Amino acid sequence: MRLIPIPREEYEAYRLNLMFDCYKWDPQFLDHNTIAKYALVITKEEHEQLSEWTEKLDEETRAAELVLNGDRKLAGPLALPKKLSKELQRMDNYDPGGHVRLMRYDFHPTTEGGWAVSEVNSDVPGGFAEASLMPEEARIRLKESSLWYINFGDILVKAIADKVPEGGRIMLVHCTSYSDDRQVMQFLGDALKEKGFHVIYGAADHIHFREKQAHSILDGNEGKLDAIIRFTPLEWLTEIRPKKWDGYFDTTTVSCNHPVAIYAQTKRFPLVWDALEQKGVCLDTWRKLLPDTLEVKDAKGKEGYIYKPACGRVGENISIKEACWEGEYDKIMKDVKRHPKKYLAQKRFYSRPLAGQDGEQYHVCLGSYTVQGKHAGYYARITESQRIDSNAADIPVLIERSGERDDR
Amino acid sequence: MTDKEIYQIWAPYGKKWTDWVRPVPFVGLREHSSKYRFSNLNVPVVALEEKEREGAAVIVDLPGVESVKVGIALAEIGFRPVPVYNGTIEQQGARATVDNQAVGVGLIWGASALSAIEIGEDAPPAFLLDTNRLNRFKMEDALFDNSWDIYPQDLPSAEYLMKSGIYRIVIISSRLSRDLAKILYGFQKKGIRICITDGYESPRNIKIRRPIKKD
């Protein structure tokens, strides 16, 4: 795995095209440029290994969520928010074959020479356009046709098209006030529109459920829906008043993702592994790649553990001390103490940085998608800090063909 | 001019502060703003004395096109206008809480005006915001809520501003919006002074109270 720089003279056009043609509408976060000046190149062997692990992790995760959904007593240690827990029984009718399952597993190269997985984005993984259009734009700038990439968008659209009738009405559910959410949905919406689907951009409360069927109540776009593509996280859904969102849990309308995703979305998922294994679920790949995870109380006095919020996103509130902003570490630790069930303790791994062209060092988070159980491409971010959070820059992932390497 | 060319006039690559220009209103700009006609697109006078501009960045928080017009007026007196509009377009056929497309006409008009103005390399920033972004009231659940807030991550940090010689923020608005208050409270804590003017009177210092935590 290595970084190759986007030629300096090409970067302006690259950035401009990403914003205007590739749905990258958030190129800046505070003082940080979120469009990397590099492409990430992985070898054929790395790709094969990651893709194999990703599919195995996915198989284990889907098996785990089925068992948890069938025996919800096992889910106790997940300590899911009360409002969500109350709705889980609605998922008795969950049929995996009726929905589209999308997940992203976050891999990190470690100083020990291997890989660690930090989490699965099971509920609403993002980065769609970055994983689909950005690599092509990079290839053009690098004039590098020997490197290839997986177009995530094509795979997701095909999976949706396999489940939804031709010309079907699909609502792309997101927080309509956030352009960062809309850019993800707009990419997918345009791709679905091209395939002849009727795409509706709406918010979670624009869907009402009648006899387990989703119906749009959005002004001027009312009527039955054939699919729901949700980008509003489940734990945000439960804040909506009046409560009409419970229908998401037992709808028979094709959903991506169905709320069954919550079992693995919580970072406390490893705390139910022992029980799942007793029920015959194989979690060997997870055990191999995810660092040791404990209840907060069990990590007391143990060296080398960090704390992560169970419902955290984009690296927020992870207690990697040197990566925290001023006062953040103390704030996190105070909250861990106050709400231990909202956190977990995890053995810290040390990320192996990659070298930039001027000697700078970048840490990588390589997200690897699955759609319907099959590997579906990559979304990566890099940063100079050990913690990959909102300050990180998006970077396209390109794959070497067999035995080929361009060392320019 | 294409959407990209208009964006490049507002955000010439490599110039200070232009990294914060949000592309959102520029994407599909020509298409979205084609149905608008404004006749009163002229540059107003901004009452900001030279001594009031010293070490100051400006945040223009006015309704729709007015904010763009004041941005151009500020460019004429040495500021770099930085549009940070971030509202999305509603679903076709749906009524929305905010008309986020209206600033587009201003951005197209402003691009022509701006290309005739020479902005200094060290020009301080004037961030442009549309006050209408906060129109969140929904008469019916069926409406499309495309109201939006400005967040700390949409602007430079207080440290970056101070390192760039900015120790005062002048808000041009009829009132301090609650989303801005949250950001500026943080700036104030770090030692940046906050002033407000309606654009006619001299800016007056304000002290922002600690915002209530719950959104």
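## The sheet of chain B

In this predicted model, strand β1 (residues 56-62) of chain B lies beside strand β3 (residues 125-130) of chain B, and the two pair in the parallel sense over five bridges. Within this pairing, V58(B) stands opposite A126(B) of β3(B). Strands of a sheet pair through backbone hydrogen bonds, either parallel or antiparallel.

The two strands belong to an open sheet of six strands in chain B, arranged in the order β2-β3-β1-β4-β5-β6, with mixed pairing. At its edges are β2 (80-83) and β6 (204-206) of chain B, each of which pairs on one side only. From one strand to the next, the twist averages 30°.

## Two helices of chain B

Two packed helices are described by the angle between their axes and the distance between the axes. For helix α4 (residues 65-76) and helix α5 (residues 102-115) of chain B, the axes come within 8 Å and cross at roughly 20°. An angle under 35 degrees counts as roughly parallel, and α4(B) is therefore roughly parallel to α5(B). Their crossing is right-handed.

On the side of α4(B), the residues that meet α5(B) are V65(B), V68(B), K69(B), G71(B), I72(B) and A75(B). Their counterparts in α5(B) are A102(B), V103(B), V105(B), G106(B), L107(B), G110(B), A113(B) and L114(B). By class, this contact of α4(B) with α5(B) comprises ten nonpolar, three polar and one charged residues.

## Two helices of chain A

In chain A, helix α5 (residues 152-163) packs against helix α6 (residues 179-194) at an angle of about 60°, and their axes are 10 Å apart. The crossing in which α5(A) passes α6(A) is right-handed.

Helix α5(A) contributes G153(A), V157(A) and I160(A) to the contact, while α6(A) contributes F187(A), L188(A), A191(A) and L192(A). Six nonpolar residues and one polar residue make up the contact of α5(A) with α6(A), and no charged residues take part.

Strand β5 (residues 102-109) of chain A runs antiparallel to β6(A), and six bridges join them. One pair of bridge partners is Y105(A) and V120(A), the latter in β6(A). The hairpin of β5(A) and β6(A) has five residues between the strands, and G113(A) takes a positive phi near 100° in this hairpin. How enclosed is strand β6 (residues 115-121) of chain A by the rest of the structure? Six of its seven residues are buried, so β6(A) is largely enclosed.

Chain A also has an open sheet of three strands, in the order β10-β11-β12, with antiparallel pairing. Strands β10 (207-210) and β12 (223-224) of chain A are the edge strands, each pairing on one side only. Four bridges link β10(A) with strand β11 (residues 213-216) of chain A in the antiparallel sense. H208(A) has H215(A) of β11(A) as its bridge partner.

## Where the chains meet

Between the two chains, 26 residues of chain A are in contact with 27 residues of chain B. On the side of chain A, the elements that give two or more residues are α1 (8-21), β2 (28-29), α6 and β9 (198-202) of chain A. Which element gives the largest share of this side? It is α1(A), with four residues. By class, the side of chain A that touches chain B has twelve nonpolar, nine polar and five charged residues.

Definitions and conventions:
Residues numbered from 1 in each chain as written. Chains lettered and ligands numbered in written order. Predicted model: local features only at pLDDT ≥ 70, side-chain atom pairs only at ≥ 80, totals over all residues. Axes fitted to C-alpha atoms, helices over the stretch in contact; angles between N-to-C directions. Left-handed = near helix turned anticlockwise from the far one by under 90°. Contact = placed C-beta atoms within 7 Å. Nonpolar A, V, L, I, M, F, W, Y, C, P; charged D, E, K, R; others polar. Buried ≥ 20, exposed ≤ 12 C-beta atoms within 10 Å, placed from the backbone. Pairing = 2+ DSSP bridges. Parallel < 35°, antiparallel > 145°, perpendicular 65-115°, else oblique.
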